[in-house]
Amino acid sequence: MRSRDFSAWIWGDALSLLEHAERLQRQLLRAGPAGAPHWEPPIDIIETSTAVIVYVALPGVPSDTLVVAFDPGGITVSGMRPMPCAANARIHRFEIPYGRFRRRIALPLHALEPQSSNLADGCLILTLNKVREAP
């Protein structure tokens with residue numbers, strides 16, 4: 001039997017819609033600091049006892065278009081996802097963002113040391129080791 005608690009059902013739908021709207025906002029073209037339009041790829045950041053691992057979802061992005069820049073305040077990942085079809089093709093649905101992308105990831109790089117980067121299964125994987133303090 002279904003629950004008759006409509007407030008919980010409505011609240012769940014409202015949260016789902018807010019999450020969807022936030023995801024669309026991140027993906028839409030917008031003006032960056034240099035004025036060039038871009039979209040932001042989604043990321044996951046996972047911390048272990050020895051490292052911080054950043055996953056940047058970039059399916060369909062060629063590795064030769066990726067630029068990863070490190071500065072004291074974090075990491076910037078930028079590049080280009082090309083359109084997969086000819087200019088005269090008819091588009092029936094357009095949900096995946098294409099064109100220039102840029103994502104700024106604020107991290108305390110004074111406490112992290114870049115170890116490796118790898119593009120696998122449509123994700124850029126950046127591993128940053130935690131810097132151990134001298135005793």
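Trainee: What does Lys130 count as at 25% relative accessibility?
Mentor: Lys130 counts as partly exposed at 25%, where buried means under 20% relative accessible area, exposed means over 50%, and partly exposed lies in between, with a 1.4 Å probe and protein chains only. This is a predicted model, in which local features need pLDDT of at least 70 and side-chain atom pairs count only at pLDDT 80 or more, while totals for chains, interfaces and linings use all residues. Residues are numbered from 1 along each chain as its sequence is written, and side-chain values use heavy atoms, with hydrogens and water left out.

Trainee: Which residue does Lys130 form a salt bridge with?
Mentor: The partner of Lys130 is Glu47, and their closest N and O atoms are 2.5 Å apart; a salt bridge here is a side-chain nitrogen of Lys or Arg within 4 Å of a carboxyl oxygen of Asp or Glu. This pair links distant parts of the chain, with Lys130 in strand β9 (residues 123-130) and Glu47 in strand β3, 83 residues apart. Strands are DSSP runs of E with at least two residues, and they are numbered from the N terminus.

Trainee: And Glu47, is that one buried or exposed?
Mentor: Glu47 is exposed, with a relative accessible area of 57%. Glu47 also has a bridge partner in β4, namely Val52, and β3 and strand β4 (residues 51-57) pair in the antiparallel sense over five bridges. Two strands are said to pair if DSSP finds at least two bridges between them.

Trainee: What order do the four strands of that open sheet have?
Mentor: The order is β3-β4-β9-β8, with antiparallel pairing. Because β3 (43-47) and β8 (112-120) are the edge strands and each has a single partner strand, one side of each is left without a neighbour in the sheet. From one strand to the next the twist averages 15°, taken from axes that are lines fitted to C-alpha atoms, with angles from 0 to 180 degrees between N-to-C directions.

Trainee: What sits in the loop between β8 and β9?
Mentor: Asp121 is found in that loop, and although Asp121 is not a glycine, this residue has a positive phi of about 55°. Asp121 is also exposed, with a relative accessible area of 84%.

Trainee: New topic: how many salt bridges does the structure hold?
Mentor: The structure holds three salt bridges. One of them joins the side chains of Asp71 and Arg104, at 3.1 Å from N to O. Asp71 lies in strand β5 (residues 67-71) and Arg104 in strand β7 (residues 99-106), so this pair ties together parts that are 33 residues apart in sequence. Asp71 is partly exposed at 30% relative accessibility, and Arg104 is partly exposed as well, with a relative accessible area of 34%.

Trainee: What does Glu95 form a salt bridge with?
Mentor: Glu95 is joined to Arg93, and their closest N and O atoms are 3.1 Å apart. Glu95 is exposed, with a relative accessible area of 56%, and Arg93 counts as exposed at 66%.

Trainee: Back to β5, how many bridges join β5 to β6?
Mentor: Five bridges join these strands, which run antiparallel, and β5 and β6 form a hairpin with two residues between them. Within this pairing, Asp71 stands opposite Gly74 in β6, while Phe70 has Ile75 as its bridge partner. Both strands belong to an open sheet of three strands, in the order β5-β6-β7 and with antiparallel pairing. β5 and β7 stand at the edges with a single partner strand each, so one side of each is left without a neighbour in the sheet.

Trainee: Where is the place of Arg81?
Mentor: Arg81 is in strand β6 (residues 74-81). Arg81 is buried yet has no salt bridge, and the nearest side chain of opposite charge, Glu95, is 11 Å away; Lys and Arg count as positive and Asp and Glu as negative, while His and the chain ends are not counted.

Trainee: So what does the side chain of Arg81 reach?
Mentor: The side chain of Arg81 reaches the backbone oxygen of Pro59 at 2.8 Å. Leaving aside its neighbours within four places in sequence, Arg81 is in contact with residues including Trp39, Leu58, Val61, Ile96, Tyr98 and Phe101, where contact means heavy atoms within 4.5 Å.

Methods. A polar contact is a pair of N or O atoms within 3.5 Å; within protein, one must be able to donate a hydrogen and the other to accept it, and residues adjacent in sequence count only if both atoms are side-chain atoms.
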